[in-house]
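Subject: Structure handover

Hello,

Here is the structure I promised to pass on to you. Please open it alongside this message, and my notes follow below.

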Amino acid sequence: MKILILGVKGMLGQELKHAFLGAEVLAWDFEELDITNEIEVKEKIREQKPDVVINAAAYNNVDKAEIEKNKAVLLNGYALGYIAKACKEAGAIFIHYSTDYVFDGKRKEGYKEMDIPKPVSAYGASKLLGEIETAKNTDKYYIIRLSRLFGKTGDGISVKKSFVDTMLDLAKSKNEIEVIDEELSSPTYAPDLAERTKYIVESKQPFGIYHSAGSGACTWYEFASEIFKQKGADIKVVPVSGDKFPRNALRPKYSVLLNTKLPPMRDWKEVLSNYLAT
Ligand SMILES: NC(=O)c1ccc[n+]([C@@H]2O[C@H](COP(=O)([O-])OP(=O)(O)OC[C@H]3O[C@@H](n4cnc5c(N)ncnc54)[C@H](OP(=O)(O)O)[C@@H]3O)[C@@H](O)[C@H]2O)c1
(Lines give C-alpha, C1' and ligand atoms only; values in the text may rest on other atoms or scores of the structure.)
Protein backbone atom coordinates (compact mmCIF):
# COMPACT_ATOMS: atom_id res chain seq x y z
CA MET A 1 0.00 0.00 0.00
CA LYS A 2 1.49 3.35 -1.07
CA ILE A 3 0.57 6.19 1.28
CA LEU A 4 1.00 9.90 0.63
CA ILE A 5 0.99 12.06 3.78
CA LEU A 6 0.49 15.82 3.29
CA GLY A 7 1.37 18.30 6.04
CA VAL A 8 3.90 15.87 7.50
CA LYS A 9 5.76 18.59 9.46
CA GLY A 10 2.69 19.32 11.58
CA MET A 11 1.80 17.93 15.00
CA LEU A 12 -0.36 15.18 13.56
CA GLY A 13 1.56 14.72 10.30
CA GLN A 14 4.77 13.68 12.07
CA GLU A 15 2.86 11.07 14.10
CA LEU A 16 1.19 9.72 10.96
CA LYS A 17 4.62 9.16 9.44
CA HIS A 18 5.60 7.26 12.57
CA ALA A 19 2.38 5.20 12.67
CA PHE A 20 2.85 4.04 9.09
CA LEU A 21 6.54 3.08 9.50
CA GLY A 22 7.17 -0.03 7.45
CA ALA A 23 4.65 0.92 4.74
CA GLU A 24 5.63 2.66 1.51
CA VAL A 25 5.20 6.29 2.58
CA LEU A 26 5.70 9.57 0.77
CA ALA A 27 5.97 12.24 3.47
CA TRP A 28 5.34 15.72 2.06
CA ASP A 29 4.88 19.19 3.44
CA PHE A 30 4.53 22.63 1.80
CA GLU A 31 7.98 22.39 0.13
CA GLU A 32 6.97 19.30 -1.83
CA LEU A 33 3.36 20.28 -2.52
CA ASP A 34 1.34 23.40 -1.81
CA ILE A 35 -2.14 21.93 -1.47
CA THR A 36 -3.74 25.22 -2.55
CA ASN A 37 -2.17 24.84 -6.01
CA GLU A 38 -4.85 22.88 -7.89
CA ILE A 39 -2.70 22.04 -10.92
CA GLU A 40 0.23 20.78 -8.85
CA VAL A 41 -2.09 18.74 -6.63
CA LYS A 42 -3.58 17.06 -9.69
CA GLU A 43 -0.25 16.43 -11.41
CA LYS A 44 1.69 15.19 -8.39
CA ILE A 45 -1.02 12.80 -7.21
CA ARG A 46 -1.45 11.48 -10.75
CA GLU A 47 2.33 11.01 -11.01
CA GLN A 48 2.68 9.14 -7.70
CA LYS A 49 -0.46 6.97 -7.95
CA PRO A 50 -0.85 6.51 -4.15
CA ASP A 51 -3.40 4.06 -2.75
CA VAL A 52 -4.16 6.37 0.17
CA VAL A 53 -3.72 10.13 0.57
CA ILE A 54 -3.80 11.49 4.14
CA ASN A 55 -4.03 15.26 4.50
CA ALA A 56 -2.89 16.78 7.79
CA ALA A 57 -2.13 20.22 6.31
CA ALA A 58 -4.44 22.99 7.50
CA TYR A 59 -4.90 26.61 8.52
CA ASN A 60 -5.28 26.32 12.28
CA ASN A 61 -5.22 29.84 13.70
CA VAL A 62 -8.79 30.15 14.98
CA ASP A 63 -8.66 33.86 15.88
CA LYS A 64 -6.60 35.02 12.90
CA ALA A 65 -9.04 33.24 10.54
CA GLU A 66 -11.59 35.96 11.38
CA ILE A 67 -9.36 38.47 9.58
CA GLU A 68 -7.75 36.09 7.07
CA LYS A 69 -10.98 34.46 5.93
CA ASN A 70 -9.86 34.00 2.32
CA LYS A 71 -6.66 32.24 3.34
CA ALA A 72 -8.56 29.90 5.69
CA VAL A 73 -11.26 29.18 3.11
CA LEU A 74 -8.67 28.28 0.46
CA LEU A 75 -6.46 26.08 2.65
CA ASN A 76 -9.16 24.43 4.79
CA GLY A 77 -11.92 24.49 2.19
CA TYR A 78 -11.29 24.56 -1.55
CA ALA A 79 -7.89 22.80 -1.37
CA LEU A 80 -9.74 19.74 -0.04
CA GLY A 81 -11.81 19.67 -3.20
CA TYR A 82 -8.58 19.70 -5.26
CA ILE A 83 -7.13 16.75 -3.33
CA ALA A 84 -10.41 14.79 -3.31
CA LYS A 85 -10.78 15.23 -7.08
CA ALA A 86 -7.19 14.10 -7.68
CA CYS A 87 -7.74 11.09 -5.40
CA LYS A 88 -10.83 10.10 -7.32
CA GLU A 89 -8.92 10.25 -10.62
CA ALA A 90 -6.07 8.19 -9.15
CA GLY A 91 -8.46 5.69 -7.48
CA ALA A 92 -6.96 6.59 -4.08
CA ILE A 93 -8.69 6.65 -0.71
CA PHE A 94 -8.70 10.15 0.80
CA ILE A 95 -8.40 10.78 4.54
CA HIS A 96 -8.89 14.25 5.94
CA TYR A 97 -9.23 15.78 9.42
CA SER A 98 -11.88 18.15 10.68
CA THR A 99 -12.86 19.66 13.99
CA ASP A 100 -15.46 19.98 16.76
CA TYR A 101 -15.58 23.67 15.76
CA VAL A 102 -17.93 22.76 12.87
CA PHE A 103 -20.66 22.59 15.57
CA ASP A 104 -22.34 25.52 17.33
CA GLY A 105 -21.74 24.10 20.81
CA LYS A 106 -25.30 24.25 22.11
CA ARG A 107 -25.66 20.51 22.76
CA LYS A 108 -24.47 19.81 26.30
CA GLU A 109 -24.64 16.07 25.59
CA GLY A 110 -22.20 16.36 22.65
CA TYR A 111 -22.35 15.68 18.93
CA LYS A 112 -22.66 12.45 16.96
CA GLU A 113 -21.05 11.99 13.55
CA MET A 114 -24.26 12.72 11.63
CA ASP A 115 -25.43 15.74 13.65
CA ILE A 116 -25.86 18.85 11.53
CA PRO A 117 -22.84 21.19 11.67
CA LYS A 118 -23.39 24.89 12.26
CA PRO A 119 -20.07 26.69 12.81
CA VAL A 120 -19.87 29.90 14.84
CA SER A 121 -16.45 31.05 13.58
CA ALA A 122 -14.67 31.66 10.27
CA TYR A 123 -12.27 28.80 11.11
CA GLY A 124 -15.18 26.41 11.75
CA ALA A 125 -16.87 27.51 8.52
CA SER A 126 -13.67 26.93 6.54
CA LYS A 127 -13.26 23.42 7.99
CA LEU A 128 -16.90 22.63 7.21
CA LEU A 129 -16.31 23.77 3.63
CA GLY A 130 -13.41 21.27 3.51
CA GLU A 131 -15.79 18.49 4.57
CA ILE A 132 -18.30 19.51 1.92
CA GLU A 133 -15.66 19.80 -0.81
CA THR A 134 -14.29 16.37 0.11
CA ALA A 135 -17.66 14.62 -0.01
CA LYS A 136 -18.63 16.44 -3.22
CA ASN A 137 -15.55 15.31 -5.12
CA THR A 138 -14.98 11.70 -4.08
CA ASP A 139 -16.87 8.76 -2.54
CA LYS A 140 -13.84 7.01 -1.09
CA TYR A 141 -13.17 9.32 1.84
CA TYR A 142 -12.79 9.31 5.59
CA ILE A 143 -13.33 12.60 7.41
CA ILE A 144 -12.00 12.24 10.94
CA ARG A 145 -13.08 14.95 13.39
CA LEU A 146 -10.94 15.65 16.45
CA SER A 147 -10.65 18.32 19.12
CA ARG A 148 -7.89 19.95 21.16
CA LEU A 149 -4.91 18.14 19.64
CA PHE A 150 -1.83 17.78 21.80
CA GLY A 151 1.55 16.12 21.38
CA LYS A 152 5.03 17.03 20.19
CA THR A 153 5.07 20.39 18.39
CA GLY A 154 5.57 20.04 14.64
CA ASP A 155 8.52 21.36 12.60
CA GLY A 156 6.57 23.50 10.10
CA ILE A 157 6.97 27.29 10.03
CA SER A 158 3.38 28.13 10.98
CA VAL A 159 2.75 25.36 13.53
CA LYS A 160 1.83 26.27 17.10
CA LYS A 161 2.40 24.68 20.47
CA SER A 162 -0.40 22.67 22.00
CA PHE A 163 -2.26 23.92 25.08
CA VAL A 164 -0.28 21.42 27.18
CA ASP A 165 3.11 22.85 26.16
CA THR A 166 1.83 26.42 26.51
CA MET A 167 0.74 25.70 30.10
CA LEU A 168 4.06 24.01 30.92
CA ASP A 169 5.92 27.08 29.61
CA LEU A 170 3.76 29.41 31.73
CA ALA A 171 4.47 27.35 34.83
CA LYS A 172 8.18 28.21 34.48
CA SER A 173 7.58 31.92 35.05
CA LYS A 174 4.31 32.25 37.00
CA ASN A 175 2.92 31.29 40.41
CA GLU A 176 -0.69 31.85 39.43
CA ILE A 177 -2.65 31.81 36.17
CA GLU A 178 -6.25 32.44 35.19
CA VAL A 179 -7.78 29.88 32.83
CA ILE A 180 -11.21 29.89 31.18
CA ASP A 181 -13.53 27.44 32.91
CA GLU A 182 -15.71 26.98 29.83
CA GLU A 183 -15.77 25.22 26.44
CA LEU A 184 -16.25 21.56 27.27
CA SER A 185 -14.38 19.38 24.80
CA SER A 186 -12.11 16.32 24.60
CA PRO A 187 -8.32 16.53 24.32
CA THR A 188 -6.94 14.28 21.57
CA TYR A 189 -3.42 12.81 21.70
CA ALA A 190 -1.72 13.04 18.29
CA PRO A 191 -0.03 9.57 18.39
CA ASP A 192 -3.39 7.94 19.31
CA LEU A 193 -5.13 9.74 16.46
CA ALA A 194 -2.45 8.59 14.02
CA GLU A 195 -2.90 4.98 15.22
CA ARG A 196 -6.68 5.35 14.93
CA THR A 197 -6.25 6.55 11.36
CA LYS A 198 -4.15 3.48 10.56
CA TYR A 199 -6.80 1.26 12.14
CA ILE A 200 -9.59 2.86 10.08
CA VAL A 201 -7.73 2.26 6.80
CA GLU A 202 -6.37 -1.18 7.57
CA SER A 203 -9.66 -2.52 8.92
CA LYS A 204 -11.42 -1.11 5.83
CA GLN A 205 -14.11 0.74 7.79
CA PRO A 206 -17.03 2.05 5.73
CA PHE A 207 -16.28 5.43 4.15
CA GLY A 208 -17.74 8.51 5.85
CA ILE A 209 -17.36 10.70 8.92
CA TYR A 210 -15.71 9.51 12.16
CA HIS A 211 -15.33 11.16 15.56
CA SER A 212 -11.95 10.32 17.08
CA ALA A 213 -11.24 12.53 20.08
CA GLY A 214 -9.92 11.22 23.39
CA SER A 215 -12.50 9.77 25.81
CA GLY A 216 -13.74 12.07 28.58
CA ALA A 217 -14.05 15.85 28.46
CA CYS A 218 -12.89 18.98 30.28
CA THR A 219 -12.96 22.75 30.22
CA TRP A 220 -9.69 24.62 29.64
CA TYR A 221 -9.44 25.20 33.41
CA GLU A 222 -9.88 21.49 34.15
CA PHE A 223 -7.34 20.64 31.45
CA ALA A 224 -4.75 23.07 32.91
CA SER A 225 -5.39 21.84 36.48
CA GLU A 226 -4.81 18.23 35.42
CA ILE A 227 -1.59 19.13 33.57
CA PHE A 228 -0.14 20.84 36.66
CA LYS A 229 -1.39 18.11 39.00
CA GLN A 230 0.25 15.36 36.96
CA LYS A 231 3.42 17.41 36.53
CA GLY A 232 3.55 18.28 40.26
CA ALA A 233 3.92 21.97 39.31
CA ASP A 234 3.55 24.52 42.10
CA ILE A 235 1.14 26.93 40.44
CA LYS A 236 -2.30 28.22 41.40
CA VAL A 237 -4.94 27.88 38.67
CA VAL A 238 -7.84 30.33 38.91
CA PRO A 239 -11.05 29.54 36.98
CA VAL A 240 -12.45 32.53 35.05
CA SER A 241 -15.26 33.08 32.55
CA GLY A 242 -14.60 33.50 28.82
CA ASP A 243 -15.40 37.26 29.03
CA LYS A 244 -12.14 37.77 30.91
CA PHE A 245 -10.14 37.00 27.74
CA PRO A 246 -11.88 38.55 24.73
CA ARG A 247 -10.91 36.68 21.54
CA ASN A 248 -11.67 37.43 17.88
CA ALA A 249 -13.48 34.16 17.23
CA LEU A 250 -16.44 32.64 19.04
CA ARG A 251 -15.93 29.10 20.35
CA PRO A 252 -18.55 26.37 20.88
CA LYS A 253 -19.46 26.09 24.58
CA TYR A 254 -20.01 22.32 24.44
CA SER A 255 -18.36 20.38 21.65
CA VAL A 256 -17.74 16.87 22.89
CA LEU A 257 -17.40 14.59 19.84
CA LEU A 258 -19.39 11.42 20.47
CA ASN A 259 -17.77 8.43 18.81
CA THR A 260 -20.63 6.06 17.88
CA LYS A 261 -18.84 3.99 15.22
CA LEU A 262 -15.57 2.69 16.61
CA PRO A 263 -14.17 1.40 19.94
CA PRO A 264 -13.53 4.26 22.41
CA MET A 265 -10.22 6.11 22.29
CA ARG A 266 -8.06 6.16 25.44
CA ASP A 267 -9.08 8.57 28.23
CA TRP A 268 -7.50 12.03 27.88
CA LYS A 269 -6.05 11.94 31.43
CA GLU A 270 -4.31 8.63 30.73
CA VAL A 271 -2.78 9.84 27.45
CA LEU A 272 -1.80 13.13 29.07
CA SER A 273 0.32 11.18 31.55
CA ASN A 274 1.90 9.28 28.62
CA TYR A 275 2.77 12.57 26.95
CA LEU A 276 4.13 14.19 30.12
CA ALA A 277 6.37 11.15 30.63
CA THR A 278 8.03 11.64 27.21
N1 LIG B 1 -4.45 21.52 16.53
C2 LIG B 1 -5.69 21.32 16.99
O3 LIG B 1 -5.98 21.57 18.18
C4 LIG B 1 -6.76 20.80 16.07
C5 LIG B 1 -8.09 20.72 16.53
C6 LIG B 1 -9.06 20.21 15.68
C7 LIG B 1 -8.73 19.80 14.40
N8 LIG B 1 -7.45 19.89 13.98
C9 LIG B 1 -7.12 19.43 12.60
O10 LIG B 1 -6.15 18.39 12.69
C11 LIG B 1 -5.34 18.40 11.52
C12 LIG B 1 -3.86 18.41 11.92
O13 LIG B 1 -3.59 19.62 12.64
P14 LIG B 1 -2.15 19.97 13.25
O15 LIG B 1 -2.39 20.71 14.53
O16 LIG B 1 -1.29 18.75 13.23
O17 LIG B 1 -1.60 21.03 12.19
P18 LIG B 1 -0.23 21.86 12.23
O19 LIG B 1 0.66 21.38 13.34
O20 LIG B 1 -0.58 23.31 12.16
O21 LIG B 1 0.46 21.42 10.86
C22 LIG B 1 -0.05 21.77 9.61
C23 LIG B 1 1.00 21.48 8.57
O24 LIG B 1 0.48 21.86 7.29
C25 LIG B 1 1.49 22.55 6.56
N26 LIG B 1 0.90 23.44 5.56
C27 LIG B 1 0.37 24.68 5.76
N28 LIG B 1 -0.05 25.18 4.59
C29 LIG B 1 0.21 24.25 3.64
C30 LIG B 1 0.00 24.19 2.23
N31 LIG B 1 -0.57 25.20 1.56
N32 LIG B 1 0.38 23.08 1.56
C33 LIG B 1 0.97 22.06 2.23
N34 LIG B 1 1.20 22.05 3.55
C35 LIG B 1 0.83 23.14 4.25
C36 LIG B 1 2.22 23.34 7.64
O37 LIG B 1 3.49 23.73 7.16
P38 LIG B 1 4.11 25.14 7.61
O39 LIG B 1 3.94 25.23 9.09
O40 LIG B 1 5.53 25.07 7.19
O41 LIG B 1 3.30 26.20 6.92
C42 LIG B 1 2.29 22.31 8.76
O43 LIG B 1 3.44 21.49 8.63
C44 LIG B 1 -5.80 19.62 10.71
O45 LIG B 1 -6.77 19.25 9.76
C46 LIG B 1 -6.46 20.50 11.76
O47 LIG B 1 -7.38 21.43 11.24
C48 LIG B 1 -6.45 20.36 14.78
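Predicted model: local features only at pLDDT ≥ 70, side-chain atom pairs only at ≥ 80, totals over all residues.

E183 sits in the loop between strand 7 (176-180) and strand 8 (188-189). The backbone at E183 has a positive phi, near 65°, in a residue other than glycine. With a relative accessible area of 7%, E183 is buried, because the limit for that class is under 20%.

E183 also turns up at a pocket. The second largest pocket has a volume of about 250 Å³. Its lining is made up of 14 residues, and those closest to the pocket centre are E183, R247, L250, R251 and K253. Sorted by class, the lining has 7 charged residues, 6 nonpolar ones and 1 polar one.

K49 is another residue with a positive phi that is not a glycine, here about 45°. You will find K49 in the loop between helix 2 (38-48) and strand 3 (52-55). Is K49 buried or exposed? Its relative accessible area is 61%, and the cut-off for exposed is over 50%, so K49 counts as exposed.

Now to the ligand. The shell around the ligand holds 27 residues, and the closest of them are L12, D29, N60, K127 and S158. By class, this shell divides into 15 nonpolar, 7 polar and 5 charged residues.

- K127 places a polar side-chain atom 2.7 Å from an oxygen atom of the ligand.
- M11 has a polar backbone atom 2.9 Å from a ligand oxygen.
- Y123 has an N or O atom in its side chain 3.4 Å from an oxygen atom of the ligand.

How much of the ligand does the protein bury? Taken alone, the ligand exposes 920 Å², and 90% of that is buried by the protein. Two or more shell residues come from each of helix 1 (11-19), strand 4 (93-99) and helix 4 (122-137). Strand 4 gives the most to the shell, with 3 residues.

While you are looking at helix 1, have a look at Q14, which is found in that helix. The side chain of Q14 reaches the backbone oxygen of M11 at 3.5 Å, and M11 is also the residue with a polar backbone atom 2.9 Å from a ligand oxygen. Q14 has a relative accessible area of 14%, which puts it among the buried residues, because the limit is under 20%.

F20 lies in the loop between helix 1 and strand 2 (24-28). F20 is buried, with a relative accessible area of 2%. From F20 to K112 the separation is 92 residues in sequence and 28 Å in space, C-alpha to C-alpha.

Which distance separates H96 from N55 in space? The two C-alpha atoms are 5.2 Å apart, although H96 and N55 are 41 residues apart in sequence.

Happy viewing, and best wishes

Definitions and conventions: Residues numbered from 1 in each chain as written. Heavy atoms only, no water. Near = heavy atom within 4 Å. Polar contact = N/O pair within 3.5 Å; in protein donor to acceptor, adjacent residues only side chain to side chain. Areas by Shrake-Rupley, 256 points an atom, 1.4 Å probe, with all protein chains shown as cover. Helix = DSSP H or I, 4+ residues; strand = E, 2+ residues; numbered from the N terminus. Nonpolar A, V, L, I, M, F, W, Y, C, P; charged D, E, K, R; others polar. 1 Å grid on protein atoms, 1.4 Å probe; cavity = no way out; pocket = protein on both sides within 12 Å on 5 of 7 lines; lining within 4 Å. Points joined across faces, edges and corners; volume = space filled by probe spheres on them. Buried < 20%, exposed > 50% of the residue type's maximum accessible area, 1.4 Å probe, protein only.
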